Amino acid sequence: MFFPVAWLRLVILSLFILPLVHAHQDFLFTSSVSYCAPPENLLVEQFDVAYFPANNSLVFNISAASVQANVNVSANLFLNVYGMHPVNITIDICQAFDGRLCPLPLYVFNGSESLTLPSSVKVSSQIPKIAYKIPDLEAFAQLTLTEVGTGQLKACIQSTLSNGWSTHQAGVSWSIGGLALLALFSAAWQSFFSDSMAPFRLLDILGLYQSIASSGFFDLNYPVIYRAFTLNFSWAMGLFAQSPTSSMQRSITHMRHLTGGDLAGSSAGGSIALVNRKLSPYSNAAYIVPQSLIAAVRALPRVDLSSPRPLLTSRGALPPPHVMRDVQTVTSQSSNVLDAGVPIYVNTIGIATANAFMTAFFSGLVLLAITSALLLMIYGVIVLTSRHKHVHSPRLTDIKARFPIFARAWGLRVALICFSPVVTFALYQWTLKDSWLSILISVISFVVVFGAVGCAASGVLLFGRRSSVWLLTEDLPAHEPLYGQYRVPRYFFFALPLLATFLRAILIAAAKNNGTVQIVLVVCIELFLLLSHVLSKPGKTRRADVLSIFLATIRFVTAGLLVAFIVPVALPPIPRVVIGIIVLVLFSIAVVVMFLNTLWNLGLRRLWFHQPFTVLGSRSTISQGSLEKGDVEKGKSRATSRPLNPTPTHGPLVDPTMNAPEALSQLTPTTFSAGPSSAHSTNTTMSYGVQISSGWHSSLLQPSPHTGANGDDASPSSPPSHLSQNRQSTIDEARAL
């Protein structure tokens, strides 16, 4: 029986491991290029450097242009790895490339060379082995060209380094997405069972994903390794990685520009070179390339020094160089610099800052369309099956009658899933003041999603105040995604996570330039949620309370560790990376726990305890089903809800005949009249034992004229209860448990 689940676990585990297992050669290479000095006389279009420790060699591929005659330069190569400086060497340009670059020629030239460093330069001994293995390496190389004789700075180029490893893996995104689909499947087919927790665990899993992704939205100096890790969960916030030149992003950017938007789109060369220099390993600011210099370079011929013979061609006949198109302004005063938080996060996956909301909006529309189509298909199958002349199943008829409630409940789940992305990016879009159409769509989306969730939440809370909370499953069954996983006395607990999500969205948008305020308040919010779970214990079972407290603890601890990333703290690179690794490990443990919980709710729990599935009954039996659901979730049945009183095993001996049950046939039935209400009344009650006054017996089911439906003293302002005898008995049975 367990083999399908075991195979499923093996397949999903392999999805996590296989994408990370492949042959990998140790090397370091440049991943982005930017200026660290004003390029007045020299424009570098391409700067690629790779170092191979196996043979202690450097590989260069440089494309540059000079507009000043008779300039002889020397090059200084400087390497910074997590604040350490393992390389700082000077190369005589006149001795390289057979003297072709001395003086610098007045044309655009390409040069590539593989140089074996002398044995005296022991670069490999200066670079720790972990630098070739640690994901998302934080290092940069700097090339400085200085004029020989005068020492005047002619060019300064900085380039970030990478070793090819990263915590942002497409395989990881697909794996956690597969876990979400598994939870969705489990929640969908168990939605018709009265004692299933799978539909609620689906919201817990997606809520965890959204918490991980949104933890990268704050104005903090994140280590690159942690930011890359959070990008694996970006799809949970409606942000799917794509190219900046994709049709979707180009359409959104075009729409914004037509409706008053003037913010730039995402850079085709990535966001690394545009990161604010305070948030990266850079030591100096980059500078703007003068437009006059670019115009002068375009008029120069091109020579390719990587071929055996120089090949002069017309500059206009060639496509524009790749790096020239991507080297942009990255100073704090420029408009396209990427600050911490949402700008760096979304641009890293190819989405412009101003396009974030519209991207999440279209993702929400796709989710809504898929949900509506699936509900229509399911209802069509149910209707066609029920009309078949050979199918006459009472269970199918009951499912058809309850399908509107089922559809409304899933509509509320979709609204809860979209609540965090839509509210967060809608509020953030308002702070950009870009396109009026984007703002209008964000306002409409905010009102719709917030209104759907808010109306459902307020309906449940008002019902709990005006009526009996024990009748929620009978009167508001479509709102069960809100209160269904909590004990009836703690039905209101769902409002706390919703309020926390809304406050986080406000902090991300309103305090986007103050990371200290953001993270301090987030820590307070998470602490409040943790204390609420510990003190209230809202779950229906002890296991549910343990799981909720565990997740709340993970969120609180990780939020507390993020305090180390506040910019004024100025934590050194290595401790900052270590803390980032600890945070991502804690979140990874939470994901693994939710994976095991999904398998448990998928059917392992019932196989372990030999529990059958209980199908939801009709509306007349919802109350009884809800009571049984509470008993099952508490780990007991109604037959064993009250402890037995066995005969003590110690003490004086007892005659065995005293414990034998007396036969029911030996009892003499006593018949008594219901009361003198009518002279012709024939209503009698048969009982075994003593006679009980029927008037006193009926008074137990009727509340006192001065007592409310809940057993409390009714105030004159509260209306009298009109509950039927069945509904009142349901409340009495629930309280007796």
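**Entry 1: ground rules.** I am working with a predicted model, in which local features need pLDDT of at least 70, side-chain atom pairs count only at pLDDT 80 or more, and totals for chains, interfaces and linings use all residues. Residues are numbered from 1 along each chain as its sequence is written, and side-chain values use heavy atoms, with hydrogens and water left out.

**Entry 2: strand 4.** I took helices (H or I, at least four residues) and strands (E, at least two) as DSSP runs, numbered from the N terminus. Strand 4 covers residues 73–81, and I found 7 of its 9 residues buried. Buried here means under 20% relative accessible area, exposed over 50%, and partly exposed in between, with a 1.4 Å probe and protein chains only.

I then looked for the partners of strand 4. Two strands count as paired if DSSP finds at least two bridges between them. Strand 4 pairs with strand 7 in the antiparallel sense over 9 bridges, and Leu-79 stands opposite Ala-141 of strand 7. Strand 4 also pairs with strand 5 (residues 84–92), again antiparallel, over 7 bridges. On that side I noted Phe-78 opposite Asn-88 in strand 5.

Asp-136 has a positive phi of about 55°, although it is not a glycine. I located Asp-136 in the loop between helix 2 (123–126) and strand 7 (139–147). Is Asp-136 buried or exposed? Asp-136 counts as buried because its relative accessibility is 11%.

Lys-433 also has a positive phi, near 55°, and is a residue other than glycine. I found Lys-433 in the loop between helix 11 (394–432) and helix 12 (436–466). Lys-433 counts as exposed because its relative accessibility is 68%.

**Entry 3: Arg-576.** I placed Arg-576 in helix 18 (residues 573–609). At 8% relative accessibility, Arg-576 counts as buried. Which residues does Arg-576 touch, not counting those up to four places away in sequence? I listed Glu-138, Asn-221, Tyr-222, Pro-223, Phe-565 and Leu-571, where contact means heavy atoms within 4.5 Å. For Asn-221, I also looked up the C-alpha separation from Arg-576: the two atoms are 8.9 Å apart, while the residues are 355 residues apart along the chain.
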